[in-house]
Every structure is written in structure tokens, then in C-alpha cells.
Amino acid sequence: KGLSQSQDTVADKHDKHFSSRSNSVVAEVWQVVAQVQMLTLADALCLAAVAKDGLAVVQNVVCQVKVMLFSETTRSSLCFEGSCLDWDKVRNVPSGCPLQVRWIEEFLSQPAGEQLSAEIGFVENLQQLIFGKNLEGLQTALREALPAAFGKLEIHVEAVRNISIPIKPVLDTICAAQPGIVGIEGLAVGDLPTWVQCVQQLKRARVLVHAWTNRDVDNPAHFHQLLHSLPTQVQGLDFQNLACTFHEFPAAMLPSACIAFGTIVLQKDMKGLSARGSMDFADFVGLFPRFPPHVRIVRASLGTKGHWNFSAQAMADVFRAKFPGLQVLQLELSLRHSADTNDVPFIDLARALIEAGVRVEVTKIRCRAAQYEFLRAAMKYGGALVNEEEDEGDEIVYPFSHPRFDWTKVSVSGDEIGEGDM
């Protein structure tokens with residue numbers, strides 16, 4: 001940012017050293033190098049800082065940015081959450097800015113071109129300030145969070161994860177932005193009518209996330225009106241850390257376009273204490289509904305404090321019976337400190353599902369370091385894809401509710417979902 005803010009000063013100092021010929025070379029170099037995709041965003045910003053012609057070329061070429069917004073906090077949490085960690089909410093570079101580019105090195109290393117992508121974190125407790133004006137105000141604030149060298153970029157909001165202040169001015173901005181992925185936290189029963197009205201206007205939304213519902217949302221029946229009002233193009237519904245379980249969830253109301261569902265929390269506890277919305281596996285067998293076959297992606301959070309009483313094959317059979325169209329099972333695995341890897345059938349569960357033709361993706365493993373290495377290696381050896389963000393070259397496995405999830409790997413009637421279908 002400091003580089004972009006000082007670009008005019010740098011350009012003025014260097015102008016006297018550059019003839020018109022050298023400035024025209026800037027544009028020629030851009031065109032040649034960009035054609036072979038060797039020019040990164042960092043290179044483009046350096047080019048803009050060196051000469052005014054370079055700045056003009058950058059602003060003419062870089063026209064749009066797709067923005068993914070993630071709520072962040074400066075407070076670290078010691079709480080061991082039982083499910084649904086889609087992203088690290090603790091701001092990795094503390095600052096007082098309401099909006100800030102996440103993972104700046106990754107942002108600058110992307111190829112320079114007409115369209116960029118940016119993950120931008122917004123301070124959780126400043127949502128009304130950021131979203132409460134209008135879409136134009138949000139777009140202005142987003143441009144200010146990006147390098148100034150880009151000028152007045154066209155801003156497209158692709159995702160917002162998560163809104164926790166569902167008041168009308170904030171929801172009006174969300175509706176005007178028309179993101180593809182929208183997450184909301186802390187919904188109470190009294191908020192549902194306003195939220196349902198907002199959902200009905202989200203004509204581009206393909207994934208909706210509902211997290212940390214208020215305690216008065218204590219029964220899946222509260223979601224009847226939401227499911228009845230879902231836009232027909234919605235492909236994924238993720239309910240995270242609910243105040244209720246999925247017992248008697250109205251699965252038959254899911255629209256036919258909805259191919260992804262989560263998050264089923266199955267945490268074996270010892271003293272009646274477990275993760276929010278968790279079911280005992282026996283209750284999952286007896287009370288969880290059978291989903292329509294168009295649901296092909298399922299997300300589940302499995303954890304334990306003690307020994308599981310069900311075999312891996314029995315669990316695999318139940319998952320396939322509850323989801324007859326199952327193609328991809330995404331797993332979050334967690335072991336409390338009191339648990340041992342021998343207490344859980346997670347490795348054999350993955351193997352049984354893979355042998356049945358189900359793709360198993362492990363998006364998160366949370367446990368002691370030695371347990372992590374064992375589970376990671378065993379899962380990979382058995383054929384599961386395991387998220388390993390720290391290892392370069394390995395595939396990053398995203399939950400379907402994350403903006404970077406690849407929808408093309410799930411077939412629909414033998415065909416793949418392309419970008420034009422999302």
C-alpha cells in the first residue's frame with residue numbers, strides 16, 4: 001500500500017530520466033510479458049510506480065476485481081469449537097483498518113490481468129459502518145483497501161462470510177451487491193422474516209450459510225419458511241453450530257438445484273457435553289431424515305471424547321442410506337485431549353466410503369500434533385484428500401461453503417457443473 005501511495009512521487013522523480021520512447025516501451029513490455037502470463041500483480045504495481053505511462057497502462061488493463069469478504073476479529077479464542085471452521089477469523093496482520101487485504105503475498109503473486117481476485121477481511125464489530133450505507137459506499141471502501149494504483153476499479157462482491165447484524169440497511173446492501181455466497185450469524189426467531197425477504201432477492205446466490213443461530217431457534221421447523229422461499233438456483237445450504245439438531249429436518253423441501261448440505265455434527269461425548277447442534281450417532285440413525293438423491297455433497301463434523309460404539313462399515317452404510325445420491329463427503333475431524341485415535345473409526349470410515357465410490361475430503365483435523373500426523377498420513381494412504389495448506393504443492397481442500405470450493409468436480413446427471421451453471 002505504501003508503494004502505491006508513493007507512486008506519483010516516484011514517477012515524478014523518474015520522469016526526467018525517461019524519454020517518450022522509454023515510456024512507450026513500458027506498454028510494449030506489458031503486452032509481451034502479459035501474453036505469456038509471467039507478469040504478477042506485484043510486477044504491475046512496480047511498473048506503475050516507475051513511470052506515469054506505466055501507471056496509465058496498469059489502470060487501463062486492470063479493470064475488475066472479484067472480492068471475497070470474510071469477517072475478522074483481533075481477539076484470539078481458546079474455545080475448542082466442535083465444527084465448521086471455514087477460515088481463521090483472527091486477523092493475521094493486526095491493524096485498525098475496517099477493511100484489509102488478507103494474505104497480501106498471495107494477493108500480489110496472482111497473474112496481472114483484466115480481472116483480479118481479492119480476499120478482504122472486515123472487522124466483525126464494524127459491520128454496520130461497512131455495510132450500513134449502500135452498495136456504492138461499500139465499493140468505495142473496498143477500493144480504498146486495495147492499492148491506489150488501480151484507480152476506480154469495477155468491484156464485484158462474490159462472497160460475504162458472515163454478516164452478524166441482520167438489520168435492514170445492511171441487508172439492503174447485501175441484496176444490491178448480489179453475492180454468490182452469503183453467510184449470516186446469530187439469527188434469532190425474530191430475525192427470520194426479514195432474512196427470508198432478503199434471501200428471496202438474492203438472485204445470484206448459490207450457497208447460503210447459517211451459523212451460530214440464537215438459542216430460540218431450537219427446532220428445525222423454524223427453517224420451513226426459509227426453505228420454502230429459497231431461490232431456485234441455490235446449490236448449497238450449510239447450517240453451522242446451530243442451537244438445535246437436524247432431527248426431523250424438512251429435507252424434502254430442498255429445491256432440486258440444491259446438491260450440497262451440511263454441517264452434520266456427530267460428536268461422541270462423555271458427560272452430556274458436546275459441540276453445538278451435535279447428535280449421538282444412534283440418534284442420527286433413528287431421527288435424521290433421508291435426503292433426496294439430488295444432494296450429492298455432504299459436510300460432516302466428527303469428533304470424540306471417548307470410544308465410538310459403531311463400526312466404520314455401519315457408519316458408511318448409514319451415510320449412504322441417508323444420502324442416496326452421495327458423491328462427496330467432506331469431513332472435519334476433532335479429537336479431544338482425552339481421546340485416542342483407536343477410539344474412533346474415522347480412517348476405516350473413509351476407506352469404506354472410498355471403496356463404495358464416494359470421494360472423501362478432509363477439510364480440517366484438530367487434535368494433538370502426534371495424532372494429527374497419524375490421521376493425516378492414514379487418511380491420505382487410504383485415498384482421502386486431506387487439506388494441507390502448509391505444504392506447497394498439495395491440494396487445498398475447501399468446504400463447499402468456502403468461495404474457493406471447486407464445484408466442477410461434482411457431476412449432475414453425468415455432466416459436470418461449469419462456471420456458467422454456478
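Let's start at arginine 204, which is partly exposed with a relative accessible area of 42%; here buried means under 20% relative accessible area, exposed over 50%, and partly exposed in between, using a 1.4 Å probe and protein chains only. This is a predicted model, in which local features need pLDDT of at least 70 and side-chain atom pairs count only at pLDDT 80 or more, while totals for chains, interfaces and linings use all residues. Residues are numbered from 1 along each chain as its sequence is written, and side-chain values use heavy atoms, with hydrogens and water left out.

Back to arginine 204: its side chain meets that of glutamate 158 in a salt bridge at 3.7 Å, N to O. A salt bridge here is a side-chain nitrogen of Lys or Arg within 4 Å of a carboxyl oxygen of Asp or Glu. Arginine 204 lies in the loop between helix 10 (192–200) and strand 6 (207–211), and glutamate 158 in strand 4 (residues 154–163), so the pair ties together parts that are 46 residues apart in sequence. Helices (H or I, at least four residues) and strands (E, at least two) are DSSP runs, numbered from the N terminus.

Among contacts between residues at least 6 apart in sequence, 75% join residues at least 24 apart, where contact means heavy atoms within 4.5 Å.

Now for the other charged pairs. Side chains of opposite charge can pair when their charged atoms come close. The structure holds 12 salt bridges. One of them joins arginine 299 and glutamate 332, at 3.1 Å from N to O. Arginine 299 lies in strand 9 (residues 297–304) and glutamate 332 in strand 10 (residues 328–335), so this pair ties together parts that are 33 residues apart in sequence. Arginine 299 is buried, with a relative accessible area of 1%, and glutamate 332 is buried with a value of 1% as well. Another salt bridge links arginine 359 and glutamate 361 at 2.7 Å, N to O; here arginine 359 is partly exposed at 28%, whereas glutamate 361 is buried at 0%.

Strand 10 deserves a visit of its own. Eight of its eight residues are buried, so the strand is largely enclosed by the rest of the structure. In a regular strand the side chains alternate between the two faces of the sheet. In strand 10, Val328, Gln330, Glu332 and Ser334 point one way, Leu329, Leu331, Leu333 and Leu335 point the other way, and all are buried. Strand 10 pairs in the parallel sense with strand 9 over eight bridges, and with strand 11 (residues 359–366) over seven bridges, also in the parallel sense; two strands pair if DSSP finds at least two bridges between them. Leucine 329 stands opposite valine 298 and also opposite valine 360 in strand 11.

Next come the nonpolar residues. A nonpolar core is a set of buried Ala, Val, Leu, Ile, Met, Phe, Trp, Tyr and Cys residues joined through side-chain atoms within 4.5 Å. The largest has 103 residues, and those with the most contacts inside it are Leu69, Phe131 and Ile264. Helix 14 (residues 346–355) gives the most to this core, with six residues. Apart from it lies another core, of 15 residues, among them Val207, Val328, Trp407 and Val410. Leaving aside neighbours within four places in sequence, phenylalanine 131 is in contact with residues including Leu69, Phe122, Val160 and Ile174.

Glu72, Arg102, Glu106, Glu119 and Arg404 are linked in a network of salt bridges. Not counting residues up to four places away in sequence, glutamate 72 touches Arg102 and Phe122, among others.
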